[in-house]
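Hi,

Here is the structure I promised to send over.

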Amino acid sequence: MLRKSLIIFCFVNHILCYAQQQDSIVFKNGIDRPSILATHHFGIFSARINNNFKIAPPKNPTLLINYTSGNNFHPFVEAHFPKDPAVREELSNVIWFNRRFNFIDQETTPADYMNIVIDAVIKEFRFDYNIALSKQSELGITCRSYIISKGKYPFSFFTSDETIEWFHSNIAGGEDPFGRRFYGLNQVNFNYLDRNGRTLELKANDFFVGGFELNHFYYPDFLRNESKHIYVNIGSHLGVNTSKFNSALDYGISINSVKQVIFKNQNILNFGLGGSLLRKNFLNFRNDNIDLGNNRLLATFEGHIEFTKYTKKGNYNALGVNYHIQSRFNKKEEAGYYRLLGKWQEINGGWHNGVATLYNTLSDWTLIYTYATSKYKLSLFFKQDLDVNNAPDFQTGIALNLPFIKQ
C-alpha cells in the first residue's frame, strides 16, 4: 500500500512539475514581425499595410513601440512626359537614356513635368495598440510619425552616409557609386515638384504625424487546421493620412497564412505567406494634395521564415528572414516614353533613380531577431534593398512589445 502511494505521489508530482514548466513557457503567437515597412519618401505619406503572421488574437492587450531609421538618397533628376501620342510613340522606340525631347511650351510641345531630389535619413516612430475583440478577431490602432534628419553619428550609426559610403569604398559597391560624396554627406535635401506644380519640401529636423490607422484581423475557424498547424487570418484596413502634403483616407485588405513545424523539444519552425491591396487616396480631404504616384492601388506580397528556440527558463529566441515586394507607385506605361535629365556624367550610377524607381516594383530582404519573455518582447531588424533602388538603401529598427497582463 505504501509503495502504491509513493508511486502515485511521484506520478502526480511529475505531472504538476511538467504543468508548471509548461505554464512558464512563453506563448509563441505565430511569427514575430514588427513594422518593417520601408521608409520610402512617398510611402511614408500613405497608410501602407503591415502583414500579420499571428495565429490568433493576443491573449492580453499589447502595446508595440516601433522605431526605424532608413537612408534615402536620389540625386536631382527632371522628367518630361509628352502628351502627344505621336511623340510618345517615337520615344518608345528609343532606349530611355538616348531619348531627346526639347520642351518649348504647352501649345507647341505639350508635356507634364516633375523634378525630385531626396537626401535624408528618415526616422519613423510607430505606436500600435492591439486588443482581442473575440476569440476570432482583434483590433489594432496605430499612430505613425516621422523625423527628417541628417543622419549624423551616433544617432544613425548604421544608416548614416559615412557608414554606407565606408561600406561601398571598402567592401562592395566601389567609390561613391551613387553620388553621395559628390553632393556631400550628412545633409538634408528633400524636395519634390509634382506634375501639378505642387511642391513637397522637408528640412532637417522636421517632424510630422503621418496618420492614424485601424486594422481589424479575423481568424476564421474554417481556415484553421490544428492537426496540420496551418492558420489563416484576413485583415481589413482603414488609414487616415494627416500630413499637410497628403490629407486623405486609404483603405485596404490583406490575407496571411502561417504553417508551423513544432519539434519534440518545443522549438518551432514557422513559414508565412501574405499579401495585401491598398487603395490610396480613396477620399481626399483637400484639393492640393501632392501627387504621390498615379497608381492608386499598391499591392504587396510577403514571404517569411522563422526559427524559434526556447531557453531553459521558457523564454525564446527567434530568428527570421522576410522578403517583401511592393507594386509600382506610377503607372508602368509612362516609363516607355518619359524623358529624364540629370547629371549622368558626374554621377557613377543611379542618377535617374528618383524617377525611374517609381516605375519599378520595390523589393527588400529583412533579418529579424526577437527575444521574448512573459513580460516583454524585444525585436531588432536590418533591411537591405538588394535592387539598389536607394528607397531606402539600408534600414534598421528596434521594436518593444509590452503586454498588459491582468493581475
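Below is what turned up on the cavities and on one histidine.

Keep in mind that this is a predicted model.

The structure has three cavities of 30 Å³ or more. β13 gives the most, with three residues. By type, the lining of the largest cavity splits into eleven nonpolar, nine polar and five charged residues.

The second largest cavity comes in at about 50 Å³. Its lining is made up of Ala47, Arg48, Ile49, Glu213, Asn215, His237, Leu238, Gly239, Asp250 and Leu278. Here β6 (207–218) and β7 (230–242) are the elements that give two or more residues, and β7 gives the most, with three. Four of the lining residues are nonpolar, three are polar and three are charged.

Now for the histidine. Histidine 74 lies in strand β1, which runs over residues 62–82. Is histidine 74 buried or exposed? It counts as buried, because its relative accessibility is 0%. Leaving aside residues up to four places away in sequence, histidine 74 touches His41, Val117, Ile118, Asn353, Gly354, Thr357, Asn389, Asn390 and Ala391.

Cheers

Technical notes: Residues are numbered from 1 along each chain as its sequence is written. This is a predicted model: local features need pLDDT of at least 70, side-chain atom pairs count only at pLDDT 80 or more; totals for chains, interfaces and linings use all residues. Side-chain values use heavy atoms; hydrogens and water are left out. Helices (H or I, at least four residues) and strands (E, at least two) are DSSP runs, numbered from the N terminus. Buried means under 20% relative accessible area, exposed over 50%, partly exposed in between (1.4 Å probe, protein chains only). Contact means heavy atoms within 4.5 Å. On a 1 Å grid over the protein atoms alone, a cavity is a set of points where a 1.4 Å probe fits but cannot get out, and a pocket is an open set with protein on both sides within 12 Å along at least five of seven lines; lining residues have an atom within 4 Å of a point. Grid points are joined across faces, edges and corners, and a volume is the space filled by probe spheres set on the points. Ala, Val, Leu, Ile, Met, Phe, Trp, Tyr, Cys and Pro count as nonpolar, Asp, Glu, Lys and Arg as charged, and the others, Gly among them, as polar.
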